[in-house]
Amino acid sequence: MTYVSLENIAKDFGTTRVIKGIDLSIEQGEFVVFVGPSGCGKSTLLRLIAGLEQMSEGRLVIDGRDMTAVDSANRGVAMVFQSYALYPHMTVADNITFGMRMNRVDKAIIAERLERAATMLHLQPYLDRKPAHLSGGQRQRVAIGRAIVRDPSVFLFDEPLSNLDAALRHEMRVEILKLHKSLGSTMIYVTHDQVEAMTMADKIVVLNGGHIEQVGSPLDLYLKPANRFVAEFLGSPKINCFETVVQAVDKGVAILPLPGGATVSLPLDSADISKGDAVTLAIRPEHFVVGETEPQKSKRRWSWWSTLVLKPC
Amino acid sequence: MEHLGAETLLMLKTEGDITLMVKVDGVSHVRSGDSVSLGVRPEACQLFNAAGKTVVFSAIASPE
Amino acid sequence: MKGFKLLWHIVLPQLRPATSIAMIVSVVGALRSFDLVSVMTDGGPYQSSTVLAYYMYDQTFGAFRIGYGAAIASCLFFLMDICIVIFLIRSLPRGGAEAMFPIPIETASPARRRVFYATVWICLFVWLLPIIAIAITSIRSVQDLNAGNYWGWPTEFSAVANYTRVFTSSPMLRFLFNSMVITLVSCVGALALSAMAGFALSRYRFRGSTLLLALFIAGNFVPFQMLMIPVRDIAIHVIPVYDTIWALVIFHIAFQTGFCTLFMRNFIAELPGELIEAARVEGVSEIQIFFHVILPLVRPALAALFVLVFTFVWNDYFWSLVLVQSDSARPVTAGLQALRETWTNTWHLISAGSLLAAVPPVLVFFLMQRQFIAGLTFGATKG
């Protein structure tokens with residue numbers, strides 16, 4: 001069942017349309033990752049969902065309630081910022097409980113939620129410290145703790161790991177996923193790092209230039225990209241692409257020349273490719289087989305290229 | 001070439017002067033300047049039309 | 001890179017937020033310079049020491065060419081404001097400067113070090129000379145002064161007698177108390193108003209906000225001597241506070257808030273916006289954000305402003321003359337006049353009174369300086 005629904009959402013900054021009509025539905029408990037190159041609008045889209053920016057067009061529904069005109073405090077969302085946005089003058093405990101204290105939540109409930117979040121995130125030894133005396137990973141956990149105690153219907157993460165070093169990033173990735181599992185909440189996570197997207201997401205949304213390129217599970221996107229942008233964006237090292245021209249189409253099979261003189265025959269699903277069309281052929285780096293000798297006859301289904309020279313380096 | 005331990009990245013130059021990136025498992029014994037032959041299964045190929053839209057999906061199925 | 005190159009290419013560019021504020025303060029101060037000219041030279045000889053503010057005053061109240069004076073004032077005011085606004089827009093903060101650690105002087109060569117320390121001591125001595133003179137005068141007896149012994153060793157130490165007479169021959173305690181009340185209330189009022197205005201101007205986008213900020217800046221450059229008559233009229237007829245300490249409080253708050261707002265706006269604009277957004281998402285109201293997030297974080301700025309405004313208000317002489325008359329409302333700056341006697345020399349008493357009057361600002365400075373440094377060790381958002 002759809003839990004969060006974005007309907008034709010658009011955002012203009014001045015005369016520039018930065019979000020160009022986004023439609024997306026997110027299931028309850030899903031971990032959705034917005035990924036794309038910088039400037040693709042992923043953070044803006046998250047801020048629109050958070051209510052930190054006003055939509056220019058469209059509608060946002062969370063859990064059956066139209067949130068389009070609701071201010072961010074009442075959307076039931078919690079946000080974790082890239083800079084963590086911890087209040088430097090408050091202790092860890094005060095940071096985590098700030099929102100509840102300001103909203104006059106019962107003291108016993110505050111204490112209980114603080115206790116639960118601190119246990120979950122291993123923050124008990126640091127509750128009396130100020131953020132300046134914490135490591136990057138600890139600050140990140142405080143920021144997450146502040147989100148947890150709100151018991152939100154949707155968690156929003158804006159590039160939360162980009163300020164951490166590689167080892168910590170991996171650790172926090174695992175920790176956020178564990179959290180997702182134990183809380184079962186809906187989470188929307190923005191990143192420019194395709195490794196984070198591939199490893200964390202139930203559903204990846206690839207954004208480019210303010211619109212969605214493709215939505216799907218990580219492996220679907222990796223193996224069946226809808227277009228060249230998605231194919232090139234996901235995967236490291238990048239997929240190999242080369243321009244070529246269709247040599248012939250015969251009984252639903254296209255013959256394509258390969259560099260070095262060999263050809264490859266591809267069965268076509270549809271008929272919208274014909275002889276002489278300019279096309280791009282793409283092959284992932286790990287889908288090659290390297291052999292030092294000529295191929296055996298038995299492996300006829302492999303297309304063999306002529307000998308290649310390893311680039312001197 | 002780059003040895004990453006668990007895998008090796010080979011940068012191959014074809015006759016048309018196109019550089020290909022190839023990933024092989026483990027440690028490769030190919031050396032810089034060697035000639036190697038390279039194979040690819042048609043299932044692994046993807047084809048995009050001039051507009052960048054996929055017209056032939058790779059037939060390597062996701063495990064799901 | 002060493003020495004001047006380091007200073008010129010690295011240190012000064014980094015200090016731009018600080019230097020731009022200092023520049024504004026000194027430009028404002030210089031434009032308003034009036035008292036010294038008025039007291040010491042009357043603009044002469046042959047107008048060689050006339051400054052614009054004095055010229056306006058002279059034309060307006062001396063030659064009674066009120067319209068002409070007002071016209072000069074307006075021209076100067078607009079010209080200056082255009083310059084200052086351009087300057088400010090170019091120097092609005094774009095991210096905080098990192099802390100810098102200049103090369104310690106201990107590592108310089110011995111000759112350079114000697115020059116450095118000698119320069120420091122000479123500067124200090126020149127700077128302190130007037131205060132030293134006043135301090136010595138305050139412990140002299142009147143015979144010394146009558147005999148013309150201004151700089152020599154006092155023939156007789158009469159410190160106790162002088163300081164006692166300051167309190168017995170004038171209501172000095174009353175004056176000090178008035179000054180204290182006026183200054184503290186004005187400081188608190190100006191800081192409270194300017195912190196709120198600065199928050200609004202830096203964090204809300206609303207129609208006319210830039211114009212409003214420009215007005216705040218512009219207001220700083222009205223030569224306030226021109227406002228003497230209207231302000232006096234307001235204090236007598238509109239808000240009947242003339243000759244009470246509240247007259248001074250109200251107008252000091254009004255005059256100081258403009259400058260303070262500019263200062264606070266720049267400081268609040270430098271706080272990371274995500275702190276405020278984080279609070280908003282958590283359902284914290286704007287007023288709570290102001291009190292629980294903004295105010296604690298701008299404490300260093302408030303401390304610095306408090307010291308500045310305290311000094312400005314405490315040292316004010318002009319408005320004390322304009323707005324109050326009776327001893328019951330007079331602050332210490334104007335009250336020192338009471339120590340003057342027509343026929344006898346009372347420099348020793350005036351000196352003693354002046355030193356007493358100078359004590360509170362100095363105390364405030366030292367107290368707040370500790371606060372100021374404590375504020376700086378808060379730590380930033382990113383580590």
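The C-alpha centres of domain 1 of chain A and domain 2 of chain A lie 41 Å apart. Domain 1 covers residues 2-233 of chain A and domain 2 covers residues 240-287, the bounds being taken from an automatic or database domain assignment. The model is predicted, and local features need pLDDT of at least 70, side-chain atom pairs count only at pLDDT 80 or more, and totals for chains, interfaces and linings use all residues. Residues are numbered from 1 along each chain as its sequence is written, while chains are lettered from A and ligands numbered from 1 in the order in which they are written.

Chain A meets chain C through 23 residues of chain A and 21 residues of chain C, two residues being in contact if their C-beta atoms, placed from the backbone, lie within 7 Å. On the chain A side, strand S6 (77-80) and helix H2 (92-102) each supply at least two residues; helices (H or I, at least four residues) and strands (E, at least two) are DSSP runs numbered from the N terminus.

The largest nonpolar core contains 152 residues, and Val33(A), Met79(A) and Leu156(A) have the most contacts inside it. Such a core is a set of buried Ala, Val, Leu, Ile, Met, Phe, Trp, Tyr and Cys residues joined through C-beta atoms within 7 Å. A residue is buried if 20 or more other C-beta atoms lie within 10 Å of its own, exposed if 12 or fewer, and partly exposed in between, with C-beta atoms placed from the backbone. Helix H12 (residues 245-269) of chain C gives the largest share of this core, 15 residues. Leaving aside residues up to four places away in sequence, Met79(A) touches residues of both chains, including Leu156(A), Ala278(C) and Val281(C).

Met55(A) is located in the loop between helix H1 (42-50) and strand S4 (57-62) of chain A. This residue counts as buried because it has 20 C-beta neighbours inside 10 Å. Beyond residues up to four places away in sequence, Met55(A) touches Ile9(A), Ala10(A), Lys11(A), Leu48(A) and Thr68(A).

In chain C, helix H6 (residues 110-138) has 29 residues and should span 42 Å at 1.5 Å a residue, which agrees with the 40 Å between its end C-alpha atoms; the expected span is 1.5 Å times one less than the number of residues. H6(C) bends by about 50 degrees at Leu129(C), and Pro130(C) follows within four residues. The bend is the angle between axes fitted to the seven residues ending at a residue and the seven starting there. The number of buried residues in H6(C) is two of 29, so this helix lies largely in the open.
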